[in-house]
Amino acid sequence: MQPNAETYNPDPTYLRELLTRADITQRGAAKVIGISERSFRDYLNSNTKSKAPYPVQFDLEMLAAKNHKVEEL
């Protein structure tokens with residue numbers, strides 16, 4: 001998977017879907033990505049103005065893809 005900023009989608013619903021597909025907690029994802037838990041929670045909250053930057057989305061997509069491949073084996 002190659003990064004493609006044209007697919008940028010900071011929608012909290014999409015990010016939560018990626019978390020589910022990756023089978024990882026918010027805390028775990030924040031730690032793996034290297035951001036604070038508070039920032040990550042803000043990205044998942046549709047009531048805040050904080051939007052997840054594309055690198056956060058891409059990292060979640062990679063975690064979700066990695067988990068999917070493990071399930072296929």
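Predicted model: local features only at pLDDT ≥ 70, side-chain atom pairs only at ≥ 80, totals over all residues.
**Ground rules.** I number residues from 1 along each chain as its sequence is written, and side-chain values use heavy atoms, with hydrogens and water left out.

**Entry 1: aromatic rings.** I looked for rings of Phe, Tyr and Trp (its six-membered ring) with centres within 6.5 Å, calling planes under 30 degrees apart stacked, over 60 edge-to-face and the rest tilted. My count came to 2 aromatic pairs. Y8 and Y54 are edge-to-face, at 6.5 Å centre to centre and 75° between the planes. Y8 sits in the segment before α1 (12-22) and Y54 in helix α4 (residues 54-72), so this pair ties together parts 46 residues apart in sequence. For the element names I rely on DSSP runs numbered from the N terminus: helices are H or I with at least four residues, strands E with at least two.

Next I noted Y54 and F58, whose ring centres are 6.1 Å apart with planes at 35°, so that pair is tilted. These two are 4 residues apart in helix α4, about one helical turn. Y8, Y54 and F58 form one aromatic cluster.

Y8 is partly exposed at 37%, Y54 is buried at 14%, and F58 is buried at 13%.

**Entry 2: α1 against α3.** I took axes as lines fitted to C-alpha atoms, for helices over the stretch in contact, with angles from 0 to 180 degrees between N-to-C directions. α1 and helix α3 (residues 37-44) pack at about 120°, their axes 8 Å apart. Which residues make the contact (heavy atoms within 4.5 Å)? I found P12, L15, R16 and L19 on α1, and F40, Y43 and L44 on α3.

**Entry 3: the core.** I defined a nonpolar core as buried Ala, Val, Leu, Ile, Met, Phe, Trp, Tyr and Cys residues joined through side-chain atoms within 4.5 Å. The largest has 14 residues, and L15, L19, F40, Y43, V56 and L60 touch the most other members. α1, α2 (26-33), α3 and α4 each give two or more residues to this core, and α1 supplies the largest share, 4 residues.

Finally I checked L15: leaving aside residues up to four places away in sequence, L15 touches N9, P10, Y43, L44, A52, Q57 and L60.

Methods:
Buried < 20%, exposed > 50% of the residue type's maximum accessible area, 1.4 Å probe, protein only. Contact = heavy atoms within 4.5 Å.
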